[in-house]
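Visitor: I am new to this structure. Could you show it to me and take my questions?

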Amino acid sequence: MSIPYFSFLTFLLCYPNIISIINASKGCVAMSKEGFGTRLQQALELNNMKAIELSERTGISRGALSSYISGRWKAKQGNLYRIAKALN
C-alpha cells in the first residue's frame with residue numbers, strides 16, 4: 001500500500017517525536033528520530049526547492065523559515081499547514 005504524497009509530507013512535518021519515514025514516495029525507507037528543522041530541510045531537498053521559494057509560496061517570512069530549519073523555533077499549526085500544502 002503506498003502512502004499518498006500529501007499525507008507523507010504532513011506526517012514528515014507534523015510529528016517530531018515519532019519515527020519518520022523518509023523518502024517513502026520513492027520506495028526508500030530510512031527511519032530516524034529527527035527535529036522539525038531537519039525534516040523540513042529534507043522535504044525541501046525532495047522537492048528540489050529552496051527556502052526562498054517556499055517563503056514565496058507560503059507567505060511565511062524567510063527569517064521564520066530559517067528559524068524553523070535551524071531549530072530555533074517550531075512552526076505553529078497554521079504555518080505547518082501552509083508548508084505542507086506548498087510542498088505537495
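Visitor: Which residues of the largest nonpolar core touch the most other members?

Guide: This is a predicted model, where local features need pLDDT of at least 70, side-chain atom pairs count only at pLDDT 80 or more, and totals for chains, interfaces and linings use all residues. Residues are numbered from 1 along each chain as its sequence is written, and side-chain values use heavy atoms, with hydrogens and water left out. A nonpolar core joins buried Ala, Val, Leu, Ile, Met, Phe, Trp, Tyr and Cys residues through side-chain atoms within 4.5 Å. The largest one has 15 residues, and those touching the most other members are Phe 36, Leu 40, Leu 54, Tyr 68, Ile 83 and Leu 87.

Visitor: Which helices each supply at least two residues of this core?

Guide: Helices here are DSSP runs (H or I, at least four residues; strands are E, at least two), numbered from the N terminus. The chain has 5 helices and 2 strands. Those that each give the core at least two residues are H2 (36-46), H4 (62-70) and H5 (77-87).

Visitor: What share of the chain is buried?

Guide: Buried means under 20% relative accessible area, exposed over 50%, and partly exposed in between (1.4 Å probe, protein chains only). The chain has 88 residues, and the buried share is 35%.

Visitor: Why do the buried residues of H3 sit on the same side?

Guide: H3 spans residues 51-58, and its buried residues are Leu 54, Ser 55 and Thr 58. An α-helix has 3.6 residues a turn, so residues three or four places apart point the same way.

Visitor: Which exposed residues does the opposite face of H3 carry?

Guide: Look at the face turned away from the buried side of H3. The buried side has cover that includes H2, H4 and H5. The face turned away carries Glu 56 and Arg 57.

Visitor: Which residues does Thr 58 touch, not counting those up to four places away in sequence?

Guide: Thr 58 lies in helix H3 and is buried, with a relative accessible area of 11%. Its side chain reaches the backbone oxygen of Leu 54 at 2.8 Å. With contact meaning heavy atoms within 4.5 Å, Thr 58 touches Arg 82, Ile 83 and Ala 86 beyond that sequence range.

Visitor: What phi does Gly 59 take?

Guide: Find the end of H3. Gly 59 comes just after this helix. Its phi is positive, at about 80°.

Notes
A polar contact is a pair of N or O atoms within 3.5 Å; within protein, one must be able to donate a hydrogen and the other to accept it, and residues adjacent in sequence count only if both atoms are side-chain atoms.
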